[in-house]
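Hi,

Here is the model I promised to pass on.

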Amino acid sequence: MAKWLTGASVTEPPDVILLSSLRGNAQTLFERIENFFDAFFGGTDNPLRHLGALGLYFLWILVATGLYLYTVLDTGIEGVYNSIGYLSREQWYLGGILRSLHRYASDAFVLVMMLHLVREWAYGRYYGFRLYSWVTGVPLIWLAYVSGIGGYWIVWDRMAQFSAIATTELLDWLPFFNGATARNFLAPDTINDRFFTVLVFIHLIVPLLLLLGLWAHVNRISRVDFLPSRRVMLATLISFLALALIRPALSEAPANLALVATDLPLDWFILFIHPLADITSPAAVWTLVFGATILLFALPFLPHPKAQPIAVVDAANCNGCSRCHADCPYEAITMTIHPDKPGHKIAVVDPDLCASCGICAGACPSSTPFRSQEKLVTGIDMPQQPVDVMRQQLEAQLAKLGGATKLVVFGCDQGVDVRGLAAADTAAISLICTGMLPPSFIEYALRSGVDGIVVTGCREGGCDFRLGMEWTQERLAHQREPHLRNLVPQDRLRLVYASRSEGEQLAAMVKEFKTQLATRLVTSNRPPAYSRRKIHHG
Amino acid sequence: MAKPAAIVGQIILYSAFAAFIGYFATAPTYKQIPDDVALIKLSMSHLGGRECRKRTAEELAKLPPNMRAPLECPRGRSDIKLVLELDGKPMFETVMHPTGLSKDGVSTVYKRFEVKAGDYQISVKMNDNLVNPGFNYVKEAQVTLKPAQVLVIDFNPDKGGLFFQ
Ligand code: HEM
Ligand code: SF4
Ligand code: SF4
């Protein structure tokens with residue numbers, strides 16, 4: 001076995017190991033490129049971090065421009081070509097531009113869709129609780145391509161002719177079609193007007209199904225990233241407009257079935273399948289298409305790390321405040337009537353939806369280490385790392401800290417491994433997700449004699465559980481409950497966004513922060529000291 | 001507010017995105033066939049013949065009165081044999097089978113042949129009922145194929161059987 005493979009677990013078959021190491025490399029590549037883009041765009045405006053939202057936005061451009069195109073379309077065999085050509089010739093300033101936008105947005109849409117797919121795979125976001133999002137994503141590719149190819153036919157120019165013949169020749173290879181569909185495009189008199197009515201209908205219905213499919217696709221997550229930032233929307237729209245002016249989308253010569261439509265300025269994003277069929281064979285293309293579809297569907301069912309335990313609610317410690325419900329990124333929490341506390345609600349976790357992220361534990365007001373019980377039981381907790389264990393870890397590490405400047409680093413298991421930063425003067429605690437950190441832990445650490453706190457988590461769009469860093473940032477900035485109390489001076493706190501591969505950068509920042517604290521660049525006082533009075537229950 | 005360097009970077013990256021989309025939306029040009037080539041498309045969809053048998057008088061008498069058809073025809077259709085020759089040389093030969101579980105559907109063929117543009121003697125022969133020997137349909141013609149021209153060889157009983165288009 002190759003050296004780079006030996007790190008993996010030996011119980012998995014070699015092809016699974018190969019796949020996961022391929023995925024790991026792809027993830028590192030994505031992270032590098034995204035971090036590079038961050039330098040120019042920042043996280044919010046980085047298109048690579050919002051590919052799904054970008055896809056949806058392009059789809060809305062397609063719907064809007066498409067509706068206008070339909071209003072001028074004449075679905076007769078003669079009229080269809082002329083009515084679209086009219087837009088580009090006589091109405092270039094409006095219809096022509098809308099037509100170009102429609103074409104370029106569709107190309108960008110399939111590009112962004114494929115990037116989104118590869119990215120979700122690369123980050124390992126396709127199995128476990130994400131199986132639903134993944135499996136509902138796969139049919140969208142088919143719908144997108146059927147819409148795209150069908151759109152080219154409507155123009156009924158030489159490109160349409162080429163694609164229609166090539167597509168029906170492909171279809172005829174399938175047993176269901178009995179080899180007779182290509183006969184529809186043998187000669188000019190074999191096509192009739194009804195063909196275009198059916199075609200336009202298909203080009204309406206399939207995109208509608210695509211929208212419906214997308215609704216299902218994002219159905220299980222909360223606060224869906226529906227649209228990219230305004231700047232990204234504006235910049236991509238300007239890009240399309242520039243293309244529309246520089247290279248307007250035009251029709252080829254009208255279709256003429258008596259001549260082969262060759263020498264075509266092909267749209268390789270959407271029609272690439274035709275040259276592929278020409279250089280291989282229909283059998284090869286269908287094997288590839290069905291093979292890829294089956295592989296995509298099967299991917300989440302291959303062996304993967306076991307699912308982690310889900311969040312557990314403790315009725316006695318839940319007061320029904322709904323904060324966990326508001327913060328759960330996967331709509332896994334609903335609120336119902338509390339069984340023991342009249343007039344109160346209680347959180348209920350849906351095991352099918354829970355991603356085991358722990359963000360709810362960070363949201364619960366009962367998760368405060370200042371409580372005096374020996375065993376800290378909170379309203380909603382993670383069995384694999386309960387809040388009580390977090391407090392024990394913190395207290396144990398604090399007791400051992402020495403040196404002039406003491407620091408605590410809170411990080412997450414999905415990002416940079418912070419445990420390596422632990423030192424004589426530095427405690428390091430890794431959580432399931434940074435969003436699991438109740439802000440009261442920061443205050444608790446400072447009041448226990450620590451000089452500064454570093455909280456680190458993934459960069460924007462990099463959070464494995466989508467919203468962990470967003471909520472953390474808002475809680476620390478007093479914009480979200482539970483918020484960090486005013487008592488905590490902000491200059492003793494650093495929130496560091498770092499992707500998995502940025503361990504060195506994080507270490508450098510921690511070192512710099514330590515120097516700042518040591519050289520009294522940080523001027524604020526620590527909050528008043530506090531020592532928990534321990535009550536021992538029997 | 002973004003730094004000027006970041007804005008320049010964004011402009012470059014968005015331009016690269018637009019250029020990428022713009023280029024592959026229409027280029028490189030795709031040539032499906034070379035310049036001096038024409039296409040012969042052999043395509044038909046035809047119901048093969050049936051082998052019917054005359055019922056004898058005794059057989060007819062045994063049948064209920066409303067079912068006494070003089071001919072007994074099986075559902076299945078015959079295979080169809082097809083031969084295509086170019087300048088007297090065989091180019092393609094096939095036996096098409098009827099579709100359908102009971103073999104009662106049409107037989108189809110769809111084939112493309114790329115040939116150099118020029119003059120050809122084309123001959124097609126077809127037998128749609130293989131209980132008979134030889135070919136019951138024959139069509140021959142001298143054709144001139146221009147570059148990129150599509151010549152369709154089809155069958156339609158209403159157009160007198162085999163025809164070129
Ligand atoms: C048709 C184009 C598509 C669009 C417009 C689209 C859009 C989206 C959007 C808006 C999200 C939510 C992102 C968020 O709020 O965090 C999402 C999530 C997701 N998409 Fe897609 N999607 C498309 C196709 C696909 C395909 C083809 C796949 C893979 C087969 C896929 C896999 C996923 C997965 C796994 C998630 C869940 C991410 C998570 O839970 O962290 N999507 N998509
Ligand atoms: S662990 Fe995460 S997904 Fe599960 S209920 Fe809590 S916040 Fe929601
Ligand atoms: S945050 Fe805690 S107290 Fe509030 S509803 Fe959820 S479990 Fe109950």
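First, a term: I call two residues in contact when they have heavy atoms within 4.5 Å. By that rule, and leaving out residues up to four places away in sequence, B:Ser43 touches A:Arg183, A:Leu186, B:Val109, B:Tyr110, B:Ile153, B:Asp154 and B:Phe155. B:Ser43 sits in strand S1 of chain B, residues 37-46. With a relative accessible area of 0%, B:Ser43 is buried (buried means under 20% relative accessible area, exposed over 50%, partly exposed in between, with a 1.4 Å probe and protein chains only).

Some housekeeping: this is a predicted model, where local features need pLDDT of at least 70 and side-chain atom pairs count only at pLDDT 80 or more, while totals for chains, interfaces and linings use all residues. Residues are numbered from 1 along each chain as its sequence is written, chains are lettered from A and ligands numbered from 1 in the order in which they are written, and side-chain values use heavy atoms, with hydrogens and water left out.

Now the chain B fold. Chain B has two helices and 10 strands, in the order α-β-β-α-β-β-β-β-β-β-β-β from the N terminus. (Helices are DSSP runs of H or I with at least four residues, strands runs of E with at least two, numbered from the N terminus.) The C-alpha trace of chain B spans about 105 × 45 × 25 Å along its principal axes. Its radius of gyration is 28 Å, whereas a compact globule of 165 residues would have one near 15 Å; the radius is taken over C-alpha atoms, and the globule rule is 2.2 Å times the number of residues to the power 0.38. Of those 165 residues, 41% are buried.

Chain A has 17 helices and eight strands, and its C-alpha atoms fill a box of roughly 95 × 60 × 50 Å along the principal axes. Buried residues make up 54% of the 538 in chain A. Among contacts in chain A between residues at least 6 apart in sequence, 73% join residues at least 24 apart; for chain B that share is 62%.

How many residues of each chain are in contact with the other? The count is 40 residues of chain B and 46 of chain A. Together the chains bury about 3700 Å², with carbon and sulfur atoms giving 61%; buried area is the accessible area (1.4 Å probe) that two parts lose on being put together, summed over both. B:Tyr14, B:Ile21 and B:Tyr30 supply 20% of the area that chain B buries against chain A, more than any other three residues.

Cheers
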